Amino acid sequence: GSWILQQTLAPSAGSLGAFGAAVSLHSDRVAVGVERQGLGAGWEVRVFRRSAGVWSYEATLQPSTAPYGQYVDDRFGTALDLLDATLVVGAPEDSIPGSPSTARRGAAFVFTRSGTTWAQSARIDPTIVEPHSRFGSSVAIGDDAVLAVGADGVGAGFPPELTRGRVLLFERTGGLWQQRHLMTAALGDDGDHLGASLAIAPSGI
C-alpha cells in the first residue's frame, strides 16, 4: 500500500524552535516534543487531537511537580510514549540548579487525560542518583501500570563513550510508581548506551 500525507502539524511562524524533537501517536492523539525558540527558553510537549479527520491543538504540557519545577535545559519531551489517556515524558537532562551531583541525572513525568484536560500525575526520579546518567533518555509504557525508563548515560559519565546505560522497570501500585527491576547488559561494554531507545511488547522489553 501507499502512504498519503493527511496533514502537516507545525508551530506558528517564529514561535517555536525544535518542533518535533520526539513524536508519539496513539489513536486520535499525537504528542510532539518542542524546544521553545531562544537560548534557555525551555522545553514543552504539545498534544494534538484528531476529530472528523482534522488534527487540532489540544494542550501544552510542562512539568510542574515540586520541588524542582522545570529546569530550562532538561530536554523535557525528547522521549515520549502515549497510550490511551496516559503520556510518559522523558527529561534526560533534568538537574537541580547549583547541584553538580545531580547534573543531567534526568527524570520522567506521567500525564493523564480526563476528557480533553491533561494533568501531571507523577514525577519519577532515578532511584540511584548519578550525574550524567540521563534517566529518561527513553520511555515506554506497556499498560497503565507498567513503565520502562532508559538511562543511557549510566557509567563513567565522561567521556561519553564510556557510558554503558541501564533500563529501569516501574509498576504502579496504589497510585504510586515503584521500581521493580533494574536491567543491565550481562556482557555490557563501554559505549553501549543501553536504554537509548525502548519498546514494550507482551513478551518483553
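## Glu-58 and its partner

Glu-58 is buried, with a relative accessible area of 14% (buried means under 20% relative accessible area, exposed over 50%, and partly exposed in between, using a 1.4 Å probe and protein chains only). Glu-58 makes a salt bridge with Arg-49, whose closest N and O atoms sit 3.3 Å apart (a salt bridge is a side-chain nitrogen of Lys or Arg within 4 Å of a carboxyl oxygen of Asp or Glu). Arg-49 itself is partly exposed, at 30% relative accessible area.

A quick note on what you're looking at: this is a predicted model, where local features need pLDDT of at least 70, side-chain atom pairs count only at pLDDT 80 or more, and totals for chains, interfaces and linings use all residues. Residues are numbered from 1 along each chain as its sequence is written, and side-chain values use heavy atoms, with hydrogens and water left out.

## Other salt bridges

The count comes to ten salt bridges. One of them joins Arg-50 and Asp-28, with the closest N and O atoms 2.7 Å apart. Arg-50 lies in strand β3 and Asp-28 in the loop between β1 (16-26) and β2 (29-36), so this pair ties together parts 22 residues apart in sequence (strands are DSSP runs of E, at least two residues, numbered from the N terminus).

Asp-152 and Arg-134 also meet, at 3.0 Å from N to O. Here Asp-152 is in the loop between β10 (146-151) and β11 (166-173), while Arg-134 is in the loop between β8 (117-124) and β9 (135-143). Asp-152 counts as buried at 9% relative accessibility, whereas Arg-134 is partly exposed at 23%.

Which side chain of opposite charge is nearest to Asp-81? That's Arg-172, 14 Å away, and Asp-81 is buried with no salt bridge (Lys and Arg count as positive, Asp and Glu as negative; His and the chain ends are not counted). What Asp-81 does have is a side-chain polar atom 2.7 Å from the backbone nitrogen of Ile-141.

Asp-81 lies in strand β5 (residues 79-83), where four of the five residues are buried. Strand β5 pairs with β6 (residues 86-91) in the antiparallel sense over five bridges (pairing takes at least two DSSP bridges between two strands), and Asp-81 stands opposite Val-88 in β6. The two strands form a hairpin with two residues between them, and Asp-84 in the turn has a positive phi of about 55°.

Terms used. Polar contact = N/O pair within 3.5 Å; in protein donor to acceptor, adjacent residues only side chain to side chain.
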